[in-house]
Amino acid sequence: MVKFSKELEAQLIPEWKDAFVNYWQLKKHVKKIKLSRKPKQISEANRDFGLSIFDPIRLLAGKISGRFQNNAGDKEAEIIQVRSKIGGGDDDHNDNVEEEEEELYETEHVQLFSEEDEVKAFFEKLDEELNKVNQFYTTKESEFLERGEKLNKQLQILLDLKKVLSDRRRKTLSTPGFLPRSYPPSARNSDFSEPATEYSESPTETSQEDEVIAALEKNGVNFIGSATRSKTKNGKPKMAMRIDIPATTPTRTISAVTSMLWEDVVNTPKKDGSHSPGDSINRKKIQCAEKMIRGAFVELYRGLGLLKTYSSLNMVAFTKILKKFDKVSSQQASNNYLKIVKRSHFISSDKVVRLMDEVECLFTKQFANNDRKKAMKFLRPQQLKDSHMVTFFVGLFTGCFVTLFTVYAILAHLCGMFSPSQPTDAAYMETVYPVFSMFALLNLHLFMYGCNLFMWKSTRINYRFIFEFQPSTALKFRDAFLICTSLMTAVVAAMVVHLILLSNGFSPRQVDAIPGILLLLFIALLICPLNIFYRPTRYCFLRVIRNIVCSPFYKVLMVDFFMADQLTSQIPLLRHMESTACYFMAGSFKTHRYETCKSGKFYRELAYVISFAPYYWRAMQCARRWFDECDVKNLANLGKYVSAMVAAGARLTYARQSTDLWLVIVLITSLVATVYQLYWDFVQDWGFFNPKSKNPWLRDDLILKNKGIYYVSIALNFVLRVAWVETVLRLNVGMFESRLLEFLLASLEVIRRGHWNFYRLENEHLNNAGKFRAVKAVPLPFRETDSD
């Protein structure tokens, strides 16, 4: 049977861990009470009766008589009394306490215990935990109730707008061109005011826009700048509502920038009191608003479910710890205290349950066409269960990979493929090596990601919430290992087949097409629309890559810049992709003229673009985040990637022009970029080197119990960050050794990135948990604003 402490550790909400009852600390207090009783029992027995073979019997008789006395006659006498303090006063518990007042509990001992100090400390800690749970629950309950009220208002505005537009469209179907298909960019910030008390019917000769505005005003929605807009008694315009759709896509981003530039001109009312043509809405905006509100309802429901789990787990924890106390102290204090716990707010309040029922009804009616089963798929997405078949195939493919790689190493040695005296050495390095190295680096990164998933799960880092992954489709560490081992098995199998055919006298022109066929198969699998081989993960990957490449036009999410950071460590893989594409597109695999790709001017210039691209994308993401958040730290982060671009360009130029001047430039730029990167790794990304931390050179909160691991990780990251020194050493080695050294350094960078990933997300998780953010904050489309 699993201990409750282990069960509680597995089920509690990670972001709210500090808000849960400290069950482990309370267990320590109970253990102290237990230890304090043993020597007293023995000493009293020795003092009263002396040493005798009847001592155990006498002790047992004393315990039985003591329990009998506690339960007989004076059975209803209270051992403890829990009093509540409201607003700083010491009043008895009152069930009709006002909700706004803070209620604190304090335990008084009616009967004295033999272990007075330990028992008093236990109940003081118990009161502290009960008050902490109550206060946190009350705060979160108020927060979610406020969210619910706002969402109800947002939903009502949405329904009114949909009804108005539907009525106007149905009324004017016979009038072509009534509603324009597109609106100016400034229509993004269409504004609405509070319900008007008075309105006037629009004449039939008004324009089409006036008719739409008049219809909206009849339903209590007015435009800023409208001639019929309602005003206060003092003649001032009322508060307004505006549709605020986040600029998450390139179209919306361009529209937002254009709208911001022209907003003052376009949305300024004219002198004659007429409205601006930009004060309009369209059906697409309403659809975006509906999607935002639907997502907000899903997050609200999820938060309410977490709060309900929080309540039930804490109730069980209090029950378990009080039963342990009764068992140790031989008293019946749990019944009295549990009555108070059950009457406390986090148990007695039913507001969360009622709000959950309301959300279910609203969501089913408005977003699921009264289909409750469909609504529950959104509100309660089912998580994928671990499959033993996945584990079996991971082991199977791992065994196949090891066997095939051993066969390949033996065949390559027998054929003398990597011998400098063989003419096939250069051909093999120019044809097969870039393709298979690309696959090897990609699979190594997948393997490191699987290790990250395993460590995040083991340490209860909520990576799904941080990355905003869907619970029903989120990749697990076994799935990542399955993808990695299966792909790598296919790659090594292709290498073995390629080597066997080449050694049996087949023409290289025919054999060298095998890597290209393998590459095409992998690309086809990546974009395959069929629901096979983790389609949600594949499409999520493609969507994130699209967002990165199109930076800064897409709104930057955590998963976007996290993936962009991975690409900065995969520049060798991108260079191999360049070589592979040139090799097959230029037809070099047929002619074996490698100088086409190696000495071409376009190829050399493209190398700069590929080396700069990951840093450029990441810099543009920093610029977009600065534009959205106005945080200067994002500009400082942008400078880090600019310095990395300069250093990469200098090293690439030095590889072609080995002069002393370029050597000095490489040393200076690389040193500046490395110091910049190390500072950002340790201080900003990992949160280390806090001078006021209780853990020297680290941070206050650490997930791993062994602090030495953090210091080793700092040293390892430092060593791997300076691996660029090898590029300026100019080691005199052969082609095979040179390529092997390049692959080794590229692999070390991938390993460093995987090692960096864990601490980066650990720091993100702790910052998020420190603010108790367990539910995503979804922006709402209708926002109040003052037109003045």
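## Salt bridges and a linked network

A salt bridge is counted here when a side-chain nitrogen of Lys or Arg lies within 4 Å of a carboxyl oxygen of Asp or Glu. By that criterion, Lys 125, Glu 128, Glu 129 and Lys 132 are joined in a network of salt bridges, and a search of the whole structure returns 21 salt bridges. Side chains of opposite charge can pair when their charged atoms come close.

## Basis of the model

This is a predicted model, in which local features need pLDDT of at least 70 and side-chain atom pairs count only at pLDDT 80 or more, whereas totals for chains, interfaces and linings use all residues. Residues are numbered from 1 along each chain as its sequence is written, and side-chain values use heavy atoms, with hydrogens and water left out.

## Overall composition

The protein chain contains 27 helices and 6 strands, these being DSSP runs numbered from the N terminus (helices H or I, at least four residues; strands E, at least two). Of its 788 residues, 43% are buried, where buried means under 20% relative accessible area, exposed means over 50%, and partly exposed lies in between (1.4 Å probe, protein chains only).

The accessible surface of the protein chain is about 42,700 Å², and carbon and sulfur atoms account for 60% of that surface; the areas come from the Shrake-Rupley method with a 1.4 Å probe, and for residues only the protein chains shown count as cover. Among contacts in the protein chain with a separation of 6 or more, 76% are between residues 24 or more positions apart, a contact being heavy atoms within 4.5 Å.

## Pairs around helices α10 and α11

Arg 372 and Glu 360 form a salt bridge whose closest N and O atoms are 3.0 Å apart. Because Arg 372 belongs to helix α11 (residues 372–379) and Glu 360 to helix α10 (residues 351–367), the pair ties together parts that are 12 residues apart in sequence. Arg 372 is partly exposed at 44% relative accessibility, whereas Glu 360 is buried at 7%.

A further salt bridge joins the side chains of Asp 350 and Arg 354, at 3.3 Å from N to O. Asp 350 is partly exposed, with a relative accessible area of 41%, and Arg 354 is likewise partly exposed, at 43%.

## A link between distant loops

The side chains of Glu 468 and Lys 776 meet in a salt bridge of 3.6 Å, N to O. This pair links distant parts of the chain, 308 residues apart, with Glu 468 in the loop between α14 (463–467) and α15 (477–503) and Lys 776 in the loop between α27 (735–770) and β6 (782–785). Glu 468 is partly exposed at 40% relative accessible area, and Lys 776 is partly exposed at 30%.
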